[in-house]
Amino acid sequence: MVETVSTNWSGLALVVGPGGIGSAVAAELSQSCPELKVLTAGRHGPPACSLRLDIENDRDLDRLATTLRAEEQPLRLVFNCSGRLHGPELQPEKRLQQVERSALEQQFGINAIAPILLAKAIEPLLQRNQPFHFASLSARVGSIGDNRTGGWYGYRAAKAAQNQLLRSLSIEWARRWPLATVSLLHPGTTDTALSRPFQSFVAPEKLFSPERAARQLVAVLLQQTPAQSGAFLAWDGQSIDW
Ligand SMILES: NC(=O)c1ccc[n+]([C@@H]2O[C@H](COP(=O)([O-])OP(=O)(O)OC[C@H]3O[C@@H](n4cnc5c(N)ncnc54)[C@H](OP(=O)(O)O)[C@@H]3O)[C@@H](O)[C@H]2O)c1
């Protein structure tokens, strides 16, 4: 099990998607990195979180850099914890005949397109001589090599697409922002609204509380350096097959 590492990270941290894991990640970052000013951003805005941000909305993304610049602190970390597996009109597919265009578009919108556009939106704040981490929650089920059970077509494919988009980002940023580190992180199955309908398949000892997931994710994140940029890692720091 990974222990929390205390570090001297300082500046501004933005946690996007303050759901079950995102809220716990924001709390964990505040505790383990006291020099960080941690902001949360989500669709519900204050008081639920510090900033209103719908990362599926281009106008919100266009405003983000200006809002963060007003904080007058270097941007040290952006951690995207948003995502969607199911919703009022969205259910993960069990078989081909359940695959629908609108559901695929919804899955790709939030789980693949939004994270790369978030990176694009905050890029104007990066500086060549400042360390910076960009992390985004992926999922082991997005691994093509690890796909042995099928199903969940849209969610799996959207997470795989996110992995490819952020891997490309890590290669571009290694040239342009040599102190930037991009990480794709799998939190492990965690007790949140996202996983709740599917928890009956999970052994109780394999279901993490959001607090435990956040502790493990932050510990892995704090160990990442630009040399490891572009990695797809599980909650225990182990590399996951693409
Ligand atoms: N829980 C697990 O077992 C598990 C396992 C593997 C991977 N993951 C990944 O971990 C991430 C976090 O999941 P979670 O379990 O914490 O789920 P969650 O509690 O449902 O949180 C998801 C968050 O994403 C936000 N969000 C959705 N659309 C958004 C948008 N357009 N703009 C801004 N925020 C938006 C949601 O806010 P709203 O209230 O606005 O919808 C919510 O705060 C997801 O990417 C998920 O795929 C989770």
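Figure 1. Of the contacts in the chain that link residues at least 6 apart in sequence, 73% are between residues at least 24 apart. The model is predicted. Its chain contains 5 helices and 7 strands, and these follow one another along the sequence in the pattern β-α-β-β-α-β-α-β-α-β-α-β.

**Figure 2. Overall dimensions of the chain.** Taken along the principal axes, the box filled by the C-alpha atoms is roughly 50 × 40 × 40 Å. Buried residues make up 40% of the 242 in the chain.

**Figure 3. The largest nonpolar core.** This core has 50 residues, and V15, V25 and L217 are those with the most contacts inside it. Helix α5 (residues 210-222) supplies the largest share of the core, 6 residues. In soluble globular proteins, nonpolar side chains tend to be buried together.

**Figure 4. Surroundings of V15.** V15 is one of the residues with the most contacts inside the largest nonpolar core. Leaving out residues up to four places away in sequence, V15 touches G22, V25, A26, V38, T40, F79 and C81. One of these partners, V25, is also listed with V15 among the residues with the most contacts inside the core.

**Figure 5. The shell around the ligand.** The ligand is surrounded by 29 residues, of which G17, G19, G83, T192 and L194 are the closest. By residue class, the shell divides into 13 polar, 12 nonpolar and 4 charged residues. Its largest share, 3 residues, comes from helix α1 (residues 20-32).

**Figure 6. S30 in helix α1.** S30 is found in helix α1, the helix that gives the largest share of the shell around the ligand. S30 has 14 other C-beta atoms within 10 Å and is therefore partly exposed; a residue would need 20 or more to be buried, and 12 or fewer to be exposed. The C-alpha atom of S30 is separated by 9.3 Å from that of A13, and the two residues are 17 apart along the chain.

Conventions:
Residues are numbered from 1 along each chain as its sequence is written. This is a predicted model: local features need pLDDT of at least 70, side-chain atom pairs count only at pLDDT 80 or more; totals for chains, interfaces and linings use all residues. A residue is near a molecule or strand if its C-beta atom, placed from the backbone, lies within 6 Å of it. Helices (H or I, at least four residues) and strands (E, at least two) are DSSP runs, numbered from the N terminus. Ala, Val, Leu, Ile, Met, Phe, Trp, Tyr, Cys and Pro count as nonpolar, Asp, Glu, Lys and Arg as charged, and the others, Gly among them, as polar. Two residues are in contact if their C-beta atoms, placed from the backbone, lie within 7 Å. A nonpolar core is a set of buried Ala, Val, Leu, Ile, Met, Phe, Trp, Tyr and Cys residues joined through C-beta atoms within 7 Å.
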